[in-house]
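Subject: Structure handover and findings

Hello,

Here is the structure we talked about handing over. Please open it alongside this note.

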Amino acid sequence: MSAQSASSPHLEITETFVRLYVFLSQTLDRCLDQGQRESFPEKEHQAFLAESRNRMRDMLAVNPVVKGKVDEECSRVLALAESYLKKGAGQKDVLEQITRERERLKTKLVALSDLLAVFRAL
């Protein structure tokens, strides 16, 4: 890999997207699995998520439409997680929303991971 491709803005943006979506996915996983919550302290998880989100916001400042979509998605995931944790496991509708949101994030992660692999191979 050349030095130019190692520092490619496309590579950096894609890596940041992957990192953000991993942390958003973990946020939802932590709602559903006590083991996930116990395996990594909440304070550290929130710090990494905030760092990734802020970094993504900075990168997306050049495109307000995409930035708005990502901000809305982050807010939606965090609101779902907060709602679920506040009210407990007896919420069938919130649980279904979390499951659907987790599937959306999984699909995005697969696509972004493939894209990242291609960028890294260049």
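Predicted model: local features only at pLDDT ≥ 70, side-chain atom pairs only at ≥ 80, totals over all residues.

Numbering runs from 1 along each chain as its sequence is written, and side-chain values use heavy atoms, with hydrogens and water left out.

**Helices**

Helices are DSSP runs of H or I, at least four residues, numbered from the N terminus. The expected span is 1.5 Å times one less than the number of residues.

Start with α6, residues 92-121. It has 30 residues and reaches 43 Å from first C-alpha to last, close to the expected 44 Å. Its buried residues are V94, I98, E101, L105, L109, L112 and L116. Buried means under 20% relative accessible area, exposed over 50%, and partly exposed in between, with a 1.4 Å probe and protein chains only. Those buried residues of α6 pack against α2 (9-32) and α5 (64-87).

Now α2. Its 24 residues should span 34 Å, and the end C-alpha atoms are 35 Å apart, which agrees. S8 caps the N-terminal end of α2. A side-chain oxygen of S8 lies 3.1 Å from the backbone nitrogen of H10.

**Aromatic pairs**

Rings of Phe, Tyr and Trp (its six-membered ring) pair if their centres lie within 6.5 Å; planes under 30 degrees apart count as stacked, over 60 as edge-to-face and the rest as tilted. The count comes to 2 aromatic pairs.

The ring centres of F17 and Y21 are 5.8 Å apart and the planes are at 20°, so this pair is stacked. F17 and Y21 sit 4 residues apart in α2, about one helical turn. Both F17 and Y21 are buried.

F23 and F48 are also stacked, at 5.8 Å centre to centre and 15° between the planes. F23 lies in α2 and F48 in α4 (residues 42-59), so the pair ties together parts 25 residues apart in sequence. F23 is buried, with a relative accessible area of 9%. F48 is partly exposed, at 30%.

What else does F48 touch, not counting residues up to four places away in sequence? Its contacts (heavy atoms within 4.5 Å) are R19, F23 and F40. F48 and L20 are 28 residues apart in sequence, and their C-alpha atoms are 8.8 Å apart in space.

**Core**

A nonpolar core is a set of buried Ala, Val, Leu, Ile, Met, Phe, Trp, Tyr and Cys residues joined through side-chain atoms within 4.5 Å. The largest one has 25 residues. F17, L20, Y21, L24, M56, V70 and I98 touch the most other members. The elements giving two or more residues to this core are α2, α4, α5 and α6. The most come from α2, with 9 residues. M56 touches I13, T16, F17, L20 and V70, again leaving out residues up to four places away in sequence.

**Cysteines**

A disulfide is a pair of cysteine sulfur atoms within 2.5 Å. The count comes to 0 disulfides. The sulfur of C31 is 15 Å from the closest cysteine sulfur, in C74, too far for a bond. C31 counts as buried at 4% relative accessibility. C74 counts as buried at 1%.

Best regards

Terms used. Polar contact = N/O pair within 3.5 Å; in protein donor to acceptor, adjacent residues only side chain to side chain.
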